[in-house]
Every structure is written in C-alpha cells, then in structure tokens.
Amino acid sequence: MTTFSASPLAHQPPLAALFGLSNGDDPDLWGRIRAAQLLAARQQALLLLAANLTGAALVVMVLNACVAVSWLAVWAIGVGVLAVGGAVRRLRSPAQVGGYADLAAMHAPVVESAALALVWSVVPVLFGPYLHVTTALAMHIVLAVLMAAYAMAMVSVPLATIAFIGTTTLAAAIILFITGHAAVAVADLLFAALLCLSTFDRARALAMLHAAGVTLAERDGTIGLLLRDFDETSPDWLWQTDASRRIVEPSARFAAACGVERDQLAGRPLLEVLAGAGWDSGQVAPVLRELATRLRNREAIRDLNLPVAVHGEQRWWRIAASPRRDADGHFGGFRGVASDVTEERASAEKIARLARFDTLTGLPNRLSVNEALADAVATAERERARCALMMIDLDRFKAVNDTLGHPVGDRLLGKVSERLATLLADREIVGRLGGDEFAVVVRDASDPRRVERLARAIIETLSRPYEVDQHTLYIGASVGVATSPRDGRSAETLIRSADLALYRSKDQGGGVFHAYEPQLHAQAEERRVLEMALRQALANEELSLDYQPVVDATSGALRGFEALLRWRHPGFGLIPPSKFIPIAEEARLIAPIGEWVVRTACAEAAGWPDNVHVAVNVSPEQLHNPQFVTIVAEALADSGLPARRLALEVTESVFLREGTGATRVLSEILALGVGLSLDDFGTGYSSLGYLSSTRFSSIKIDRSFVQTAAAGRAEAIAIIRAVVAMADSLDMTTTAEGVETEAELRLVQDLGCRSIQGYYFGRPLPVVEARALAMRELQTHAA
C-alpha cells in the first residue's frame with residue numbers, strides 16, 4: 001500500500017507559531033483557514049457597517065454645537081465612504097465553504113481597518129482639545145462601543161481588529177497625555193489592550209477549530225482513499241504528481257492498471273502515461289486535451305472519463321483530483337484517485353442503445369428517428385437546403401401475423417429492414433417506428449426526382465417475395481413523403497405531413513407513394529370534425545334510412561328495397577355515405593351505427609307486404625364481431641320480421657382478413673334463415689372460392705359492368721353472361737345495379753338478370769314514400 005508524505009512548508013505564516021499550528025499540517029491548511037476567516041468576516045459585514053454609520057451619526061450629534069458643520073460633514077462622508085466600500089467588498093467575496101485564500105487576500109481587510117482607524121482618529125486629535133468634559137466623555141463612549149463592535153465583527157481577522165483598535169486608542173491616548181489627562185489615557189490603553197487580548201484569544205480558538213475541521217475532513221478523505229487502495233476488491237487507485245505534472249510515488253494498483261512496473265511510472269509525465277502510443281504523434285482523445293488544460297490551469301478535476309490503451313486494449317478510466325498548495329499558496333502538484341470503468345461504460349452504452357435502437361431489427365427506433373429528423377431540419381434551415389421524411393407502412397403484413405404467427409412476422413420484419421438498409425446513401429437514416437411502420441430521413445432532398453426514385457425503389461424492393469421458414473411471402477409497401485421547409489419547418493410538422501401523405505397512399509389501395517399536399521391537412525381536419533360530429537349523430541337523431549326499390553327484371557313488380565344510410569347534419573347538410581362510412585369504420589363507430597341500421601330496417605320492413613324483402617349493407621368490421629349474430633337475431637325477434645325477408649349485403653373485402661371468424665359469423669347468420677347477397681361482385685378481389693365456401697342467395701352485378709356492357713364492350717357482356725350462368729347453376733339470383741336507361745334494362749334482361757335496381761325504376765326514397773310504394777304494390781297485386 002502506498003503512503004503519502006506531507007511536503008514541508010516552505011514558509012509558515014507568522015501567526016502560525018502563536019496559534020500553535022505546526023509545519024506538519026496539511027500543505028494548504030492555512031489557505032483554507034484564511035478562506036474560513038474571510039467568510040466569517042463577510043457574514044458580519046453589515047453589522048460592522050451599521051456600527052460605523054451609527055457611531056458617525058452620534059459623533060455629529062454630539063459635536064454639532066462646538067465644531068463647524070462643514071468639518072463634520074467632510075469627516076462623516078469619509079467614514080461613510082470607507083465603511084460602505086469595505087462592506088461591499090466583503091459581501092462580494094466568495095460565500096462558499098471550503099475555499100482557498102492566499103496571504104494577499106488578508107491584506108485588504110487590514111488596510112481597510114487601518115484607513116477607518118485614521119479617519120476615526122481625527123475626532124480625538126483635531127476636536128478633542130476643544131471639547132467640554134461632558135462632550136469629551138460622550139465621544140469616548142462612542143469610540144469605546146465602536147471598538148467593542150469591531151472586536152466582535154472582525155474577530156476572525158485579528159490583525160484588522162488590532163489595527164483599528166490600536167490606531168484609534170493610540171491617537172486618543174496621545175492627545176490625553178498632551179492635555180494633562182494621563183490617568184484617562186492609561187485607562188484607554190488598558191481597555192484597548194484587554195480588547196486586543198480577547199480578540200486574539202477568540203481568533204486563536206476559531207483558527208484552531210477551523211484547522212481541526214479541515215484536517216479531519218482531509219484525513220477522512222485520505223483514509224478513505226488509502227482503504228480503497230488497500231482493498232483488493234476496490235476498482236480505485238491513488239495517484240499524485242509534482243508541480244511539473246510528473247508521477248510521484250506511484251501505487252502498486254496504479255502500476256497494475258497501466259500494465260507496467262512501479263519504477264517504470266515514477267517520474268514520467270502523467271499525460272504521457274495516459275496518452276500511450278498517441279503521445280509522440282499527438283493523436284490523442286479530445287478529453288485528454290481537456291485534462292491537459294485543467295492540469296495546466298491547476299483546476300480541480302471531477303469525474304473525467306478518458307480512454308487509456310493497456311496492452312493494446314482500450315480501457316476507460318474515471319479520474320478525479322485536486323491541486324496541492326503550501327501555506328503560501330505555492331502549487332505543489334496534484335493528488336487524486338482513478339478507477340477503471342470500462343465494464344460500467346459498456347453497460348451504460350448497452351442501455352443507451354436499447355433506449356435508442358429497435359431490439360428486433362437493430363434499426364434506430366422512434367426516438368432516434370425523431371432526433372435525426374430534428375437535426376436534419378435544423379441543418380437544412382441553417383444551410384437553406386431541403387430535407388425529407390418518408391413514412392413507410394407495409395401492406396398485407398397483418399395477414400402474415402394472423403396466418404403464420406408473430407415469430408414469422410418478426411423474421412419478415414428483419415428481412416424488410418435489411419432490404420431498406422441497402423437502398424440508402426450515407427447521409428440517409430432508416431428506422432423502425434413500431435409495428436410494421438418504418439421511416440427514412442433524407443438529409444439532402446435538394447433533388448426531388450431522386451427522392452421520388454428512392455420512394456419507388458423502396459416500394460419495388462419491399463414488394464419482392466420473401467423466403468421465411470420455407471414460406472414464400474408477398475407483401476407490399478406504401479410511402480408518404482414530406483419535404484422541409486415546404487411541408488414543415490419542424491420535425492413534428494414533417495412527421496404529421498408525411499403521415500397524412502402515407503394515409504393518402506393507403507387510402508388509394510397501397511403499393512404507391514404520395515407526396516404531401518396542403519389539401520391533405522384540410523381533408524384530415526375535415527375528417528376530424530366529421531368524426532366528432534358522427535359520434536353524436538345517433539344521439540341527436542341525425543341518421544336516417546332511404547330505401548331504393550329492387551324490381552323483377554321480367555314483370556317490373558316490386559321485390560324489395562335496399563336500405564341506404566343517410567346522415568343529415570344541421571350544420572354540414574347531407575353528407576354522402578362515401579365520406580362518413582370510412583370514418584365510422586376507422587373510428588370504430590360502425591358497430592353501433594350498423595346495429596341501429598339493422599334494427600330500424602327490420603322494424604320498418606315488418607309493416608310491408610309479406611312478399612317485399614329488405615336488404616341491409618353490412619361492413620366487414622361488423623362481421624368480425626362475434627356478437628353481430630345476436631344483434632341480427634334480436635332485431636328480427638323485436639320487430640317480428642321473418643328472417644327470409646331480410647338479406648344482408650357484404651362485399652368481397654370481408655374475406656381478406658383471415659382468422660377473424662367472418663366466415664363463421666356468415667354461417668350462423670344463414671342458420672337464422674337470413675339471406676346473403678354478394679355485393680359489387682367482380683370489382684374487388686374476386687374469387688370463386690368465396691361462392692363455394694358461403695351459400696349466397698344472390699349476386700349483385702356492379703353498375704360499372706352494366707354501363708360498359710350497354711356501351712357495346714364485348715368483355716363486359718361476356719362477364720355478365722358468365723356471372724348469370726354461374727349464379728343460375730348455384731341456384732342464386734342476380735341483381736343488376738345502376739340501371740338508368742331503357743337500353744341498359746333491355747340488355748340485362750336479355751343477359752338473364754332476374755332483378756334490377758337503378759334510377760330507371762326509382763331513386764332512393766324517404767321512408768314515408770317507400771312505405772307508400774310498398775302498399776300500392778300490395779293493392780295492385782290484390783286487384
């Protein structure tokens with residue numbers, strides 16, 4: 001275990017011997033004691049100022065009758081200036097405990113006290129011989145109180161107290177001797193001597209108390225350091241340098257940490273040991289330059305982490321040290337402690353990486369992407385350039401998780417991240433925001449065509465097939481792009497703009513990219529306002545149903561109605577279903593709205609003739625709810641409508657989400673006796689498998705085929721003829737939608753469609769008109 005020997009004091013203050021403090025104390029002990037003395041004087045600065053100003057006021061009052069006012073004013077101003085100046089200087093001095101002060105710092109209070117004493121000596125020297133006995137006694141009382149106040153306030157700086165008391169008393173005693181008042185002069189001298197002795201005794205006690213506290217704290221710290229050096233399990237070791245920053249008496253643990261023998265360290269510059277191979281070339285870490293600066297400036301070092309090469313391996317040390325000074329403030333080197341924090345730093349870096357990088361893909365996470373984007377925006381703003389943000393969402397990824405499980409989905413995300421990384425330049429950053437969402441920060445977006453090419457390359461690359469666990473997987477990608485400063489001058493604004501552009505890409509079916517446009521924000525705001533209003537639409541009775549007739553293609557007789565949802569808002573007017581139905585589905589409002597539609601349509605149809613049915617459109621979101629079957633059953637029971645008179649119309653998109661139970665829900669609805677109609681057949685993801693897995697009662701041919709076929713397109717005519725033939729073979733009826741002209745009517749009749757729906761026979765009718773039409777149909781058949 002290494003021990004440290006105290007350096008002998010080059011010079012000891014004169015009062016040290018009188019106070020009983022020897023040269024064997026801590027080298028900078030007296031500097032700390034002086035700092036404590038000045039701090040104590042600072043704390044009494046206002047008391048001493050009050051004593052001087054009060055004393056001066058009393059003297060002016062006492063001598064006003066026998067001394068010229070001009071002389072008193074000049075003297076009082078002198079006292080005030082010196083007293084205030086001294087108080088301000090002391091109050092501006094450092095107020096921290098545990099500081100260091102050199103001998104020069106003690107000169108100022110002594111000089112201030114001597115100057116004040118000379119000004120106060122003017123009273124007995126110039127005015128004393130001419131005063132009445134009573135006035136002279138009052139003046140001496142004021143001076144005695146002032147000296148007592150000085151002895152109290154400046155006891156921590158005894159030389160300053162002695163300078164004031166001694167100078168003032170000596171001047172008064174001389175005048176008393178000259179005027180023949182020797183006894184009073186001796187009494188003044190004895191009083192001053194007693195005050196000086198008392199001040200010295202109290203100052204000695206305070207100095208010894210400060211010395212004991214400083215020494216105890218220093219020894220506690222040294223003992224702690226020595227114990228850590230002795231403890232083989234401790235990671236710390238001691239070190240010290242001389243004034244030339246060379247290592248002095250290196251400890252065994254210090255040498256072991258450096259990987260050398262102790263004698264190879266002694267006398268070597270500390271910076272050379274820490275710099276290692278970089279010492280000669282000057283290739284050192286910036287933190288080592290910071291350490292060199294602090295050593296050169298003789299500043300304390302607190303928890304400085306720096307890299308150190310030991311046997312070719314980089315280690316990290318944490319260093320703390322304080323400068324050593326002798327009693328005169330002469331610098332004697334540094335003493336400190338160091339520890340190896342390599343493992344601690346590695347753990348901290350690992351934790352920091354976990355906080356900033358995605359554990360699944362290894363890409364930067366949302367936090368890192370946001371920071372990179374904020375930096376890119378700031379740089380672009382500063383350089384008057386452009387940067388861009390791409391938001392990427394994977395298409396059909398959820399189907400992979402639902403069918404093959406999350407482990408396969410996780411491995412697929414890993415392959416997606418690898419492909420993205422191969423597309424980016426050096427200044428571009430890709431990160432995973434969460435789920436199947438990714439983002440790319442393009443720091444240089446000065447070429448819009450390059451950004452567009454990158455977006456297309458991302459879509460094309462991510463849409464290629466993947467081989468994961470012997471599965472060939474096909475997904476796609478949608479991209480939204482926002483560019484700074486056009487689409488936003490902050491990271492938050494760019495993220496919002498890119499997200500709106502991505503929403504537009506997803507809304508167009510995916511597999512495309514879309515750049516932000518200002519109207520997207522207006523549309524998003526409109527959607528938000530409509531969503532808020534839609535949440536209150538049911539309660540405010542703003543929703544209603546219109547009914548469009550469905551007629552027999554041969555006879556034109558009424559077969560039923562299709563219930564069509566309408567929303568009339570008091571402020572926005574009539575809002576089309578194409579606008580509010582997607583909002584209802586996205587906001588998860590379609591379930592309560594759909595339930596209201598089923599119940600209302602059933603209740604209305606129960607009053608129609610027995611041969612008139614009602615068809616209700618059902619959202620895929622409703623069929624993914626297992627409780628929907630119960631809702632339909634309750635609506636039929638509450639209204640008394642026979643199940644055969646109710647048909648539910650679904651689109652092919654309901655079959656896209658595997659594993660959600662939609663097929664099972666449809667089977668249970670069929671078991672109730674409710675009919676099923678496949679709406680918009682041929683316009684979506686058509687598959688004959690849908691027709692074989694679910695017993696549909698009818699197929700509705702989309703109006704686009706009807707219009708195209710009426711225009712003479714052979715392909716559309718062939719498709720309608722094929723659909724009708726297939727439906728007939730499966731015992732399904734076919735309904736042609738959107739028939740608006742007589743030519744279209746004759747065409748679909750010739751092609752074999754059994755039912756027709758369109759403006760040619762009637763537009764959607766309010767409930768009262770539909771009810772009247774149904775009753776007229778009943779009367780017509782009855783007649």
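The model is predicted, so local features require pLDDT of at least 70 and side-chain atom pairs pLDDT 80 or more, whereas totals for chains, interfaces and linings use all residues. Residues are numbered from 1 along each chain as its sequence is written, and side-chain values use heavy atoms, without hydrogens and water.

The protein chain contains 30 helices and 20 strands (DSSP runs, H or I of at least four residues and E of at least two, numbered from the N terminus). Of its 783 residues, 46% are buried (under 20% relative accessible area, 1.4 Å probe, protein chains only).

In the whole structure, 10 aromatic pairs were found (ring centres of Phe, Tyr or Trp, the latter by its six-membered ring, within 6.5 Å; planes under 30 degrees apart are stacked, over 60 edge-to-face, the rest tilted). Phe 254 and Trp 317 are paired edge-to-face, at 6.3 Å centre to centre and 65° between the planes. This pair links helix H9 (residues 252-258) with strand S3 (residues 313-325), its members being 63 residues apart. Phe 254 counts as buried because its relative accessibility is 1%; Trp 317 is likewise buried, at 1%. A further edge-to-face pair joins Phe 331 and Phe 334, with 5.5 Å between centres and 70° between planes. Trp 237, Phe 254 and Trp 317 form one aromatic cluster.

Helices H7 (158-178) and H8 (182-230) each give two or more residues to the patch, and H7 supplies the largest share, four residues.

Definitions and conventions. Buried means under 20% relative accessible area, exposed over 50%, partly exposed in between (1.4 Å probe, protein chains only).
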